[in-house]
Amino acid sequence: MPAQRVLSQFEALSVLVSDRIEMHSILALQRDNWNRLFHNTITMASVAAATASAVNGALPASGLRVVAIILGMGAAALMALVSKFQPSQLAEEQRHAARFFKRLEADVEATLQVDPRLRGEASLYWEQSIGTVHALDRAFPLPLTPIVVEKFPEHVHPSKISGDVDLPRPEVEVSQHSHKNGWTWSAVEDFKRTAQLLRTSDIPEYISMANNAKIINLILSITSPMFATAGVVLNMAGCPSVAAAVTVGSLFAHTLTHALQMGAVFEVYRNCAGYYADVEKSIEQTLRLPVEQREDATIFQQKISMSLGRRPAVTPMVPVGAKTAGVLF
């Protein structure tokens with residue numbers, strides 16, 4: 001592929017990625033504003049409903065009873081809506097999307113500045129970059145519907161932030177005496193060990209933490225609208241004092257949910273797993289390429305080390321006996 005054409009393609013990719021960064025950053029701000037708006041509205045409606053119920057208990061009046069029921073129903077409906085869409089998680093999704101696109105933009109710019117003899121084949125890197133853009137578009141959709149990231153998945157998986165590994169292509173073996181492009185047998189074994197540790201330790205650890213956050217978030221998301229609905233039913237049944245207490249309880253549960261931001265915490269853990277899964281996938285993909293098409297082994301090793309939060313230019317990348325490959329998070 002002529003050098004000029006490669007440069008033009010990557011310039012077009014850079015423009016596309018910059019546009020994605022801007023769109024996701026705007027949506028993150030917008031959805032964070034939604035989260036605050038919903039929380040303030042629910043708080044005011046719940047406090048007003050509880051106050052009307054309490055006053056109605058002391059000084060019975062049909063008007064106060066109707067007001068308490070209407071405000072309670074509105075608060076319960078908004079709580080159910082927030083529990084369904086999880087605005088805090090929506091905002092966190094868009095923040096992570098912007099961050100991953102910024103990383104891709106920086107990686108493209110840095111790679112093009114490297115000597116062509118030291119970087120991987122340009123056409124392969126182009127395909128990988130386009131695959132990453134498509135993967136990020138699928139992992140972090142811009143519209144709320146019809147495509148939406150499931151908020152309470154039955155099985156939690158790492159966020160997919162890069163293209164697929166070409167599994168039919170087997171790993172290319174490197175002889176013990178090879179030094180081509182910096183790729184030696186010991187370097188390959190070091191990469192294989194790091195990938196194995198990521199696969200068996202780092203990724204499952206963050207998936208487990210994401211699953212725990214999901215369970216806590218699910219419990220809190222069910223509790224607040226359930227209590228608010230119970231408050232409305234109690235007002236209808238003529239128990240305003242009890243309804244006031246239950247409505248305050250629903251507000252407490254909702255405030256706790258908002259303060260803990262468990263939807264955002266779930267998304268953070270899921271994306272930490274996705275980040276390490278992407279590092280592991282990068283190693284697997286590279287080891288399936290012919291040695292002459294790979295990036296220089298020393299540069300690639302430094303990239304992986306820094307991605308894991310480890311010191312570059314240290315062999316092995318992960319100390320022997322370490323329980324996890326990454327120390328970044």
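## Cavities, a pocket and helix packing in a predicted model

The largest cavity has a volume of about 150 Å³. The structure is a predicted model, in which local features need pLDDT of at least 70 and side-chain atom pairs count only at pLDDT 80 or more, while totals for chains, interfaces and linings use all residues. Residues are numbered from 1 along each chain as its sequence is written, and side-chain values use heavy atoms, with hydrogens and water left out.

On a 1 Å grid over the protein atoms alone, a cavity is a set of points where a 1.4 Å probe fits but cannot get out, and a pocket is an open set with protein on both sides within 12 Å along at least five of seven lines; lining residues have an atom within 4 Å of a point. A volume is the space filled by probe spheres set on the points, which are joined across faces, edges and corners. Three cavities of 30 Å³ or more are counted.

The largest cavity is lined by 18 residues, of which Val82, Gln86, His254, Thr257 and His258 are the closest to its centre. Helices (DSSP runs of H or I, at least four residues, numbered from the N terminus) that each supply at least two lining residues are H1 (3-58), H2 (62-85), H3 (87-112), H5 (185-236), H6 (240-260) and H7.

The second largest pocket holds about 260 Å³ of space. Its lining has 16 residues, and Ala139, Val149, Glu150, His157 and Arg270 are the closest to its centre. Helix H4 (122-139) and H7 give two or more residues each to this lining.

In the table, Ala, Val, Leu, Ile, Met, Phe, Trp, Tyr, Cys and Pro count as nonpolar, Asp, Glu, Lys and Arg as charged, and the others, Gly among them, as polar.

| Contact of H7 with H8 | five residues | three residues | no residues |

Two packed helices are described by the angle between their axes and the distance between the axes. Axes are lines fitted to C-alpha atoms, for helices over the stretch in contact, and angles run from 0 to 180 degrees between N-to-C directions. The axes of H7 (residues 262-287) and H8 (residues 297-307) come within 11 Å and cross at roughly 165°. H7 is therefore roughly antiparallel (an angle over 145 degrees) to H8. Tyr275, Val279, Ser282, Ile283 and Thr286 of H7 make the contact (heavy atoms within 4.5 Å) with Phe300, Ile304 and Ser307 of H8.

How values were computed. Angles under 35 degrees count as roughly parallel, over 145 as roughly antiparallel, 65 to 115 as roughly perpendicular and the rest as oblique.
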